[in-house]
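Hi,

Here is the structure I promised to pass on. Have a look at it first, and my notes follow below.

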Amino acid sequence: MYYLGVDVGSVSTDIVLLDEHMTVNEKIYLRTKGNPIKAVQDGFKILKNKYDQLEISAAGTTGSGRMIASAIIGGDAVKNEITAHATAALEFDEDVRTIIEIGGQDSKIIILNNGIVSDFAMNTVCAAGTGSFLDRQAERLDIPIEEFGDYALKAKSSVRIAGRCAVFAESDMIHKQQLGYNQPEIIRGLCDALVRNYLNNIGKGKTILPKILFQGGVAANKGMKAAFENALGFEIHVPEHYNMMGAIGAAIIAKKTVKKVGRTNFRGFELAGSNIISKSFECEGCTNKCEVVKIYENNAVIGYFGDRCGKWSNKLLQSSNDLLA
């Protein structure tokens, strides 16, 4: 038996397959590119070619696109990123007390007490320090993003960079280049600035205790890991599957959910070849006027989401021939 986890974010869509022992057997990283439906289908095409006869016992979704992903694949569990990341972290290390997670567009901190999430925070507006910002700076400096952290570790000193705003950070980096500072010093200064920004905003008022796990794509950046260790005075641990922890957590939660209800809603890998589209409409049922999204597969309605009261998202279709109006 295998368990599927799907994490649909604004930058990437991550898909994992776990076996009965919660070992990661497969992981797929895809760029979302503003089209979560296509990203999920592309991932399923890969899985269908490799595991066509595989029995999926449960499927879970998380991330900003978790609702649409669940409607498409027939999800058994739909959970927010905080719960998914915490679940995955505790599965691999029950002693974790703090989770630092930095992804493509967002950052978060999760505080755990005796295996339970006791506090958390996420970034709000500014994307400084996220993966997309670091990608942009690596591209501007003509350095492969895979080597960005290595440059920071080469620096003998750190240049003070303004890190509270992505725009100001970039402007300050350019200014420091014009003053003649070398790339390793500037990159180390940027890592230090972004960690200061993270701790002063997302981590403000939080009691950060070891053991600390660093998750999300930015955890691959050795410069950011070193900067966190210097700022906190604690060792930072990066899990083996640091960039897939959300999807792993979704799969684990789905397994527990199906164990209770006794069956899965998973619809199979065949949907990779289906024509899936979404359309939205404004519900007139009350003054909330929710914008409801309606998902179609080959002209048949397969799900709704976006309503507050559940009128549509809990709707039972009377016929599989409910066609596009």
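Leaving aside neighbours within four places in sequence, which residues is Phe214 in contact with? Taking contact to mean heavy atoms within 4.5 Å, Phe214 meets Ile100, Ile102, Ala219, Met224, Lys225, Phe228, Ile236, His237, Val238, Pro239 and Tyr242.

Before the rest, a word on the basis. This is a predicted model, in which local features need pLDDT of at least 70 and side-chain atom pairs count only at pLDDT 80 or more, while totals for chains, interfaces and linings use all residues. Residues are numbered from 1 along each chain as its sequence is written, and side-chain values use heavy atoms, with hydrogens and water left out.

**The cores**

Phe214 is also one of the residues, with Leu190, Met224 and Phe228, that touch the most other members of the largest nonpolar core, which has 37 residues. A nonpolar core here is a set of buried Ala, Val, Leu, Ile, Met, Phe, Trp, Tyr and Cys residues joined through side-chain atoms within 4.5 Å. Buried means under 20% relative accessible area, exposed over 50%, and partly exposed in between (1.4 Å probe, protein chains only). Elements giving two or more residues to this core include β6 (98-102), β7 (107-113), α6 (166-178), β9 (212-215) and α8 (222-232). The largest share, nine residues, comes from α7. Helices (H or I, at least four residues) and strands (E, at least two) are DSSP runs, numbered from the N terminus. Apart from this core lies another, of 26 residues, among them Leu17, Val40, Leu47 and Ile295.

**The pocket**

The largest pocket holds about 810 Å³ of space. A pocket is an open set of points on a 1 Å grid over the protein atoms alone, where a 1.4 Å probe fits, with protein on both sides within 12 Å along at least five of seven lines; lining residues have an atom within 4 Å of a point. The volume is the space filled by probe spheres set on the points, which are joined across faces, edges and corners. Of its 38 lining residues, Gly103, Gly104, Gly216, Gly217 and Val218 are the closest to the centre. The largest share of the lining, four residues, comes from α4. By class, the lining has 10 nonpolar, 17 polar and 11 charged residues, with Asp, Glu, Lys and Arg counted as charged, Ala, Val, Leu, Ile, Met, Phe, Trp, Tyr, Cys and Pro as nonpolar, and the others, Gly among them, as polar.

Helix α2 (residues 66-73) is largely enclosed by the rest of the structure, because six of its eight residues are buried. Those are Ile68, Ala69, Ser70, Ala71, Ile72 and Ile73. Gly74 follows α2 and has a positive phi, near 80°.

Phe281 lies in strand β11 (residues 276-282) and is partly exposed, at 27% relative accessibility. Not counting residues up to four places away in sequence, Phe281 touches Cys290, Glu291, Val292, Lys294, Tyr304 and Trp312. Phe234 sits in the loop between α8 and β10 (236-237); with a relative accessible area of 30%, Phe234 is partly exposed too.

**Cysteines**

How many disulfides does the structure hold? The count is zero, a disulfide being a pair of cysteine sulfur atoms within 2.5 Å. For Cys309, the nearest cysteine sulfur is that of Cys286, 6.1 Å away. Cys309 counts as exposed, at 61% relative accessibility, whereas Cys191 is buried, at 1%.

Cheers
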